[in-house]
Amino acid sequence: MLMQPSSLFSLSEHLERLSRDGDPLEVLATTIDFELFRPLLVKGLGYSDGAKGGRPPFDPVAMFKVLVVQAQHNLSDARMEFMIRDRLSWMRFFGFDLGGTMPDENTIRHYRNRLTESGTLEALMQAFEQQLRQRGYLAMGGQIVDATLVPAPKQRNTEDEKAAVKAGRSAKQIWPGRPNKAHQKDVDARWTVKVGGKVRYRPDGTPLPQIATPVFGYKSHISIDRRFGFIRKGKVTSAAHSDGRELRHVVDPDNTASDVWADSAYRSRKNETWLSRHMFTSRIHRRKPKGKPMPERTSRANAAKSAVRARVEHVFAHQKGRYGLFIRTIGLARAQAKLTLANLAYNFDRLIYHERQAATG
């Protein structure tokens, strides 16, 4: 249906009102120069020059914006398709015309898979890191390392199937001749137990019971710089993976200070030796001596470290609270893509925060 001139005028007025009310996507668009990502996106997608004909693909930058907004709202591909058509502010941010062609859920999925398979998402993370440095947001003040569990849909497997998964067999090997079932089975995610709350002790030094919750899914390992709070490094593993084993993979060698903060899960002789060998200063929490009360001096030192280390919890709270972080995809590679996008989206939000702080003094 063609829109009458009055309708077009009303639409223009409506968009202007959204801008006056403070459209957050306009703030994102003015803070982040998305065009700087275009060369990496084009290379990663492997777009042709169009000489063979066919319908031209959607603009790669516009589709990248789609993935960023999808990560910020933790939407499925089907729901994202609906929301693109439903939200005028989203259409404007992506550069899509009302009534024009818009990406469907298959297009969104295909685009994300292409970027995942080509390793482009990690390259985009590094490209933005370079942009931060050019704008003066150097990794400085030391770094804080931590990990958080990210749930995924629970798997209903038999005991034999569970044993095969733990043995490292692929879904095709476990369910031969049943490709549809194998396609829906996640053999990379694992169960673990999340023990919540601060450890408290009885007068005799024995610990009080803690709440233990089983979680199925993945684990997001990150490091942030102490000065600005940007995510500088990240890695994804199964939920059962040890935090301490990933320390060396998420420590940022470019931080201007040598201090590394982390909780006691990262303290081991191997990690302390590695940090010392690479000229890092360990600020990792010390564990309570077995069978003895925590020494007062150690307790005070841990409390001082906690005051710094708590900043990384704000990152996870932002991602889980605002983004509703949850893994909907199947397999480690796609979980890595999901969490890389969530980390990139968080860094965009963090840059907006710092730019506002600078503007208001």
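Guide: The accessible surface of the chain is about 20000 Å², and 52% of that belongs to carbon and sulfur atoms. Such areas come from the Shrake-Rupley method with a 1.4 Å probe, and for residues only the protein chains shown count as cover. Please keep in mind that this is a predicted model, where local features need pLDDT of at least 70, side-chain atom pairs count only at pLDDT 80 or more, and totals for chains, interfaces and linings use all residues. Residues are numbered from 1 along each chain as its sequence is written, and side-chain values use heavy atoms, with hydrogens and water left out.

Visitor: Why does Leu247 count as buried?

Guide: Buried means under 20% relative accessible area, exposed over 50%, and partly exposed in between (1.4 Å probe, protein chains only). Leu247 has 0% relative accessibility, so it counts as buried. Of the 361 residues of the chain, 43% count as buried.

Visitor: Which residues does Leu247 touch, leaving out those up to four places away in sequence?

Guide: They are Val145, Val260, Tyr266, Asn271, Leu275 and Ile284. A contact here means heavy atoms within 4.5 Å.

Visitor: What makes Trp90 and Phe94 an edge-to-face pair?

Guide: Rings of Phe, Tyr and Trp (its six-membered ring) pair if their centres lie within 6.5 Å; planes under 30 degrees apart count as stacked, over 60 as edge-to-face and the rest as tilted. The centres of Trp90 and Phe94 are 6.5 Å apart and their planes stand at 75°, so the pair is edge-to-face. Both Trp90 and Phe94 are buried.

Visitor: How many aromatic pairs does the structure hold?

Guide: There are 16. One of them joins Phe34 and Phe348, edge-to-face at 5.7 Å centre to centre, with 80° between the planes. Phe34 lies in the loop between helix 2 (24-31) and helix 3 (38-45) and Phe348 in helix 16 (residues 332-360), so this pair ties together parts that are 314 residues apart in sequence. Helices are DSSP runs (H or I, at least four residues), as are strands (E, at least two), numbered from the N terminus.

Visitor: How do you know that the charged end of Lys65 sits over the ring of Phe93?

Guide: The rule asks for NZ of Lys or CZ of Arg within 6 Å of the ring centre and within 35 degrees of the ring normal. The charged end of Lys65 sits over the ring of Phe93, at 4.9 Å from its centre. Phe93 also belongs to a cluster linked by ring pairs, whose members include Phe58, Phe64 and Phe128.
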